[in-house]
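Here are my notes for you, point by point. Have the model open while you read.

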Amino acid sequence: MRVPHPTRLLLALSALAAVGVALTGAILLWRYREATLAAAADREEVLVASRAYQLGEEIDALVREIGRLSRLAEVDLADGNLEPEKTVLRLARRDSAVLSVAIAILDERGELLWAEPRDARPAGSGPALVALARRAGRPAIALGEWEVDVTAPVAGRGAMVGIVDGRRGRDLFGP
């Protein structure tokens, strides 16, 4: 029986140790990568949930504010005078943190009577928004491809619409 030469034995053990160290390193790197990806996914999930909650709160505040404004005595389309409604919309846009979105008043046929800013228009069908508000009898939400409209009935058979344009990007409700 032949006894292995000490140099060969040393070389074989060194090679085995090197393979063991490399394998251990590869496993540790793989586990580190998996843990890093999992932590990034968890962090992203928390950010998305937080943003969704914030958006929900902002929509809730918008619904309450549109409902409040639509019930003001000054907002009455039956009197034929739009000046009080124009004043309400201007003041609401200027003085309210909630109403940095566009706001409009539609008549009973869904025609735009006034909007702040003046060039604002709901993307949805005016008659459909008025019908939704009148049917609900309270503020209601209409969803479009890039827009959320909060519509509420007003005296005189029309509707008030808060227009949130999703194309504005990340800060939907900011100035």
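**Notes on salt bridges and a hairpin**

1. Let's start with arginine 109, which is exposed, at a relative accessible area of 54%. Here, buried means under 20% relative accessible area, exposed means over 50%, and partly exposed is in between (1.4 Å probe, protein chains only).

2. Before going on: this is a predicted model, where local features need pLDDT of at least 70 and side-chain atom pairs count only at pLDDT 80 or more, while totals for chains, interfaces and linings use all residues. Residues are numbered from 1 along each chain as its sequence is written, and side-chain values use heavy atoms, with hydrogens and water left out.

3. Which residue does arginine 109 form a salt bridge with? The partner is aspartate 107, with the closest N and O atoms 3.1 Å apart. A salt bridge is a side-chain nitrogen of Lys or Arg within 4 Å of a carboxyl oxygen of Asp or Glu. Aspartate 107 counts as buried, at 10% relative accessibility.

4. The structure holds five salt bridges. Among them is arginine 68 with glutamate 65, where the closest N and O atoms are 2.8 Å apart. These two sit three residues apart in helix α1 (residues 6–70), so about one helical turn separates them. Helices (H or I, at least four residues) and strands (E, at least two) are DSSP runs, numbered from the N terminus. Arginine 68 is partly exposed at 40%, whereas glutamate 65 is buried at 15%.

5. Now look at strands β3 (residues 140–143) and β4 (residues 147–154). They form a hairpin with three residues between them, and they pair in the antiparallel sense over four bridges. Two strands pair if DSSP finds at least two bridges between them. Alanine 142 has aspartate 149 in β4 as its bridge partner.
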